[in-house]
Amino acid sequence: MLVVRRRAGEAIVLSGEIEIEVIEISRTRVKLGVRAPRHVTVLRRESAVLAQQNQSAASLLMQHPETVGDLLRLLGSVTANSSQTSQVGADM
Amino acid sequence: MVAVEVPAQRPLVFLQSAEKPEICFVSLPVRTIQPDYNVALSDEDRAALHIADDAHPEIGADLICLALLFPSENRLEANLGAPIVINLHNLRCVQSSNESVPCHYRLGEEGRWEPVC
């Protein structure tokens with residue numbers, strides 16, 4: 001990993017088109033500004049990991065339809081007699 | 001999204017996309033995984049959920065808090081650091097990001113959730 005020391009107001013440039021500037025340094029955090037072309041996706045690392053998890057989660061039932069049965073067996077759920085289904089619409 | 005709970009499949013909650021039928025998340029209420037779980041909402045989360053800064057919403061009474069399940073290395077994992085939070089009073093919803101919960105939980109073969117840090 002390349003390690004570069006920078007002060008507030010200084011920047012680094014990637015591939016001649018992406019600029020990352022140190023805007024502010026506090027005791028526990030650094031505020032960065034990123035200038036990049038529109039086609040470049042800029043994400044916090046944890047957001048990128050989360051996006052990957054969400055994609056896996058979204059396709060869980062399609063790719064592993066046996067999951068529900070396996071899960072219920074593992075969790076020891078008791079099958080209810082009722083077949084009534086409840087729904088809540090959420091604004092996401 | 002529509003949250004669907006099938007009595008025969010409790011405690012699972014399915015989050016079904018209303019626009020794309022192929023997208024359906026399988027989730028669990030967070031406290032079925034970690035009974036003492038408390039959600040930490042950021043300012044952005046509160047704004048998105050229309051929760052006042054000085055309000056102290058409770059899971060169950062005011063909020064539904066769901067952990068999405070995703071496959072990882074032939075096991076199921078749940079990231080309690082990024083729960084789906086639904087405000088029961090207005091049905092607004094966000095995926096919260098809680099950095100104070102660094103662990104994922106993995107479902108063990110005996111049906112117990114084990115932290116994976």
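I looked up strands E2 and E3 of chain B, which pair in the antiparallel sense over 4 bridges. Strands (E, at least two residues) and helices (H or I, at least four) are DSSP runs, numbered from the N terminus; two strands pair if DSSP finds at least two bridges between them. I noted that B:Phe14 has B:Val26 in E3(B) as its bridge partner.

The model is predicted: local features need pLDDT of at least 70 and side-chain atom pairs count only at pLDDT 80 or more, while totals for chains, interfaces and linings use all residues. Residues are numbered from 1 along each chain as its sequence is written, and chains are lettered from A and ligands numbered from 1 in the order in which they are written.

I then examined the loop between E2 (13-16) and E3 (24-29) of chain B, where B:Lys20 is found. B:Lys20 counts as exposed because it has 9 C-beta neighbours inside 10 Å (exposed: 12 or fewer other C-beta atoms within 10 Å; buried: 20 or more; C-beta atoms are placed from the backbone).

Next I followed E3(B) to strand E4 (residues 63-72) of chain B; the two run antiparallel and are joined by 3 bridges. B:Ser27 stands opposite B:Leu68 of E4(B).

Of its 32 residues, B:Leu66, B:Ala67, B:Leu68, B:Leu69 and B:Val85 touch the most other members. E4(B) gives the most to this core, with 8 residues.

Definitions and conventions
A nonpolar core is a set of buried Ala, Val, Leu, Ile, Met, Phe, Trp, Tyr and Cys residues joined through C-beta atoms within 7 Å.
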